[in-house]
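Please keep the sequence and the coordinates in view while reading.

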Amino acid sequence: MGEDPRAWCRIGSLKFAIEMMQRANVAVTPGAGFGEEGDGYLRLALVENENRIRQALRQIRRALTDLEKEMASPAA
């Protein structure tokens with residue numbers, strides 16, 4: 001299987017989790033915390049009401065869009 005073309009998939013689950021905290025104000029657990037095979041995955045706890053989960057997803061989507069643009073730029 002080839003490398004994922006999405007730039008944010010290449011940064012690792014720990015850095016991704018930190019980016020989501022900083023950019024989206026959403027906490028996710030990096031899969032790397034569950035062993036080497038877990039890197040590349042996240043753990044999410046869906047303990048909020050539906051509106052808060054939708055809000056978090058919108059914030060993550062915006063953060064991913066911004067991160068992708070930054071990582072694609074020549075200065076990155």
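Helices and strands are here DSSP runs, of at least four residues (H or I) for a helix and at least two (E) for a strand, and they are numbered from the N terminus. On that basis N25 belongs to the loop that runs between helix 1 and strand 1 (29-30). The model is a predicted one, and the points below should be read with that in mind.

**The nonpolar core**

- Eleven residues form the largest nonpolar core, namely I11, F16, A17, M20, A24, V26, V28, I60, A63, L64 and L67, and the elements that contribute two or more residues to this core are helix 1 (13-24) and helix 2 (50-72).
- In soluble globular proteins, nonpolar side chains tend to be buried together.
- V26, one of the core residues, is in contact with M20, M21, A56, Q59 and I60 when neighbours within four places in sequence are set aside.

- N25 has a phi near 55°, which is a positive value in a residue other than glycine, whereas most residues other than glycine have a negative phi.
- N25 counts as exposed because its relative accessibility is 65%, and exposed requires over 50%.
- Q59, placed in helix 2, has a relative accessibility of 17% and therefore counts as buried, the cut-off for that class being under 20%.
- Leaving out residues up to four places away in sequence, Q59 touches A24, N25 and V26, and a polar atom of the Q59 side chain lies 2.4 Å from the backbone oxygen of A24.

**R23 between the two helices**

- R23 lies in helix 1 and, with a relative accessible area of 31%, is partly exposed.
- The C-alpha atoms of R23 and A63 are separated by 5.6 Å, although these residues are 40 apart along the chain.
- Beyond residues up to four places away in sequence, R23 touches A63, D66, L67 and E70.
- The side chain of R23 makes polar contacts with two glutamate side chains, that of E19 at 2.4 Å and that of E70 at 2.7 Å.

- L42, L44 and L46 make a nonpolar surface patch of about 310 Å².

Methods:
Residues numbered from 1 in each chain as written. Predicted model: local features only at pLDDT ≥ 70, side-chain atom pairs only at ≥ 80, totals over all residues. Heavy atoms only, no water. Core = buried A, V, L, I, M, F, W, Y, C linked by side-chain atoms within 4.5 Å. Buried < 20%, exposed > 50% of the residue type's maximum accessible area, 1.4 Å probe, protein only. Contact = heavy atoms within 4.5 Å. Patch = residues over 30% accessible without salt bridge, like charges linked within 9 Å, V, L, I, M, F, W, Y side chains within 5 Å. Areas by Shrake-Rupley, 256 points an atom, 1.4 Å probe, with all protein chains shown as cover. Salt bridge = Lys/Arg side-chain N within 4 Å of Asp/Glu carboxyl O. Polar contact = N/O pair within 3.5 Å; in protein donor to acceptor, adjacent residues only side chain to side chain.
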